[in-house]
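This report concerns the nonpolar residues of one protein model. Please consult the sequence and the structure while reading.

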Amino acid sequence: MVALALAVPLFFLAVFFLWPVVAMLARGLVTPAGVDTVGFAAELTRPRTWKVAGQTLWMAAASTACSVVLGLPLAYVLYRLRLPGVRVVRAFVVVPFVLPTVVVGTAFRALLRADGPYGFLGWDSSPWAVVAAMVFFNTAVISRTVGPLWAALPPHAEAARTLGASPWRAFRTVTLLELAPAITSGAAIVFLFCSTSFGIVQTLGAPGYGTLETEIWVQTTTFLDLRAAAVLSLLQVVIVGIATVVAARATRRTSAALRLRPAARRKVGPSDIPALLISSATVIFLIGAPLLTLVARSFQRSGTWTLENYRNLIGSSGFSGISASDALRNSLTTGLSAAALALLLGALLAFALASPWAPPRPVSTAAEGIALLPLGVSAVTVGFGLFLTIRMLVPSAQLLVPVAQAVVALPLVARVILPVVRAIDPRLREAAATLGAGPGRVWRSIDLPLAARALAVAAGFGLAISLGEYGATSFLATSDSTTLPVLIGQLLGRPGAENYGTAMAGAVVLGTVTGGLMALSEMAAPAGAASSLLTQQKGKLRVRTS
């Protein structure tokens with residue numbers, strides 16, 4: 001049973017991820033005479049290749065550094081201090097992370113344009129616009145990665161304070177060292193996401209030399225140069241692979257620390273004022289301002305306030321051969337299908353890897369690594385590979401688009417479920433097995449109830465990701481299967497106030513749906529729910545044993 005549960009998601013990834021990606025790379029690097037090493041070397045030594053790679057790296061590094069600097073005070077305020085309405089703020093802060101990248105790019109395009117609120121910065125169509133959008137997108141990753149660990153730390157810093165250490169010295173010499181694994185893990189994940197933010201860079205005009213993903217897009221769609229796209233894809237796999245390894249190692253170190261008992265929240269004191277000020281500025285000026293600007297722009301056209309942009313979403317807009325309402329319906333249909341598929345596969349993978357009957361450690365490690373591979377490959381590469389290999393074998397793109405979105409969502413869905421399942425006390429399973437329960441009964445009576453909340457969060461997370469997926473869908477969607485993110489990208493690429501206004505309205509609708517899903521998931525899980533449920537399960541086992 002465990003072997004079958006593990007085989008199903010791995011087979012899915014082999015058919016719909018590994019085969020298309022390998023086929024796409026082979027098209028560019030393999031000729032009838034063998035591997036084209038000369039052509040590979042020529043592409044690798046082109047100055048533009050390394051300029052694109054260099055810009056990708058420095059923008060990802062700058063975005064990661066800024067996300068850490070702003071995310072740490074936010075994690076402290078949201079997880080260590082006793083404040084009214086903190087759960088609402090925490091839900092609001094996490095919304096940007098699940099917004100479709102095309103929505104984030106659209107929001108910052110409205111914010112930074114010459115007549116926008118931040119137009120005085122002069123960042124419009126510059127690499128710094130991309131960095132700012134990436135920081136907006138990923139600050140929540142740091143706060144969500146570091147915050148739970150910070151809330152569970154023992155009072156070592158307070159002990160240092162009683163011995164005469166200043167707040168800064170206690171933080172630098174005690175707390176920072178304890179948080180280092182979580183910070184490293186969060187920073188590696190942020191770097192990973194910043195290296196693969198196709199939608200943000202594309203909607204902001206691919207400033208400078210663009211990034212590896214936008215260059216892959218240009219080489220495949222404009223120049224049909226598969227060799228160049230293959231070389232760029234391999235470079236991206238190497239870069240993101242390193243970040244994935246760092247994140248995995250840091251996550252293993254963090255998981256042990258997270259088993260500590262959560263500490264009581266402390267009252268706000270004078271030493272907390274700097275963190276409060278930085279967090280308030282982050283929430284208002286970095287997170288709130290782009291969202292409010294996007295909403296305001298959606299009600300404007302040619303400098304006047306109007307509802308015409310939203311009327312175009314209800315009626316036929318005449319763009320791209322499909323109405324905006326049809327594109328929204330396509331997004332919901334494919335998103336629900338993709339989320340259901342990703343949840344099923346992710347749950348099978350997580351329960352199989354965490355099961356007492358899991359395969360040997362080398363096999364489990366390899367399986368987990370394969371499941372994370374889609375994070376290290378451009379969605380553009382995945383989409384184009386699917387187009388080359390499977391698109392012609394299916395009668396309609398509407399059948400393949402949900403599959404592509406599920407491939408993108410599966411690693412993140414699995415990562416939401418897997419830590420929760422692994423944290424289940426093995427003594428509960430052992431007790432059930434001692435009483436004669438088989439693997440299926442153990443799963444139904446122990447694992448499933450304890451992981452139910454994680455499954456609900458993973459479902460909302462998978463739906464939000466699927467609804468906003470842009471890179472792979474843009475390759476596969478036809479005129480009758482265009483999704484809302486693809487339509488928004490098309491509208492932004494065309495001149496005219498009507499196109500721009502409709503894109504703003506579409507981005508607001510899409511962002512409201514995806515952000516609302518994640519905010520509800522964040523607010524629905526009360527603190528201590530997991531431990532309460534664990535206590536209930538232990539009580540049930542004691543009753544059954546007696």
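The model is predicted. Its largest nonpolar core comprises 129 residues, and those with the most contacts inside it are Phe12, Phe97, Val104, Phe108, Phe136, Val146 and Ile417. Helix H6 (residues 127-152) supplies the largest share of this core, namely 16 residues. The core also takes at least three residues from each of domain 1 (1-27 + 317-545) and domain 2 (46-305).

Valine 146 is one of the residues with the most contacts inside the core. When neighbours within four places in sequence are left aside, Val146 is in contact with Leu72, Ala75, Leu179, Ala182 and Ile183.

Val238 belongs to helix H11 (residues 226-257), whereas Thr293 lies in helix H12 (residues 273-298). The table sets out the accessibility of these two residues.

| Residue | Relative accessible area | Class |
|---|---|---|
| Val238 | 51% | exposed |
| Thr293 | 9% | buried |

Why is threonine 293 counted as buried? Its relative accessibility is 9%, and the class applies to residues under 20%. Valine 238 is classed as exposed because its relative accessible area is 51%, the cut-off being over 50%. Apart from neighbours within four places in sequence, Thr293 is in contact with Ala110, Leu111 and Pro117.

Definitions and conventions: Residues are numbered from 1 along each chain as its sequence is written. This is a predicted model: local features need pLDDT of at least 70, side-chain atom pairs count only at pLDDT 80 or more; totals for chains, interfaces and linings use all residues. Side-chain values use heavy atoms; hydrogens and water are left out. A nonpolar core is a set of buried Ala, Val, Leu, Ile, Met, Phe, Trp, Tyr and Cys residues joined through side-chain atoms within 4.5 Å. Buried means under 20% relative accessible area, exposed over 50%, partly exposed in between (1.4 Å probe, protein chains only). Helices (H or I, at least four residues) and strands (E, at least two) are DSSP runs, numbered from the N terminus. Domain bounds come from an automatic or database domain assignment. Contact means heavy atoms within 4.5 Å.
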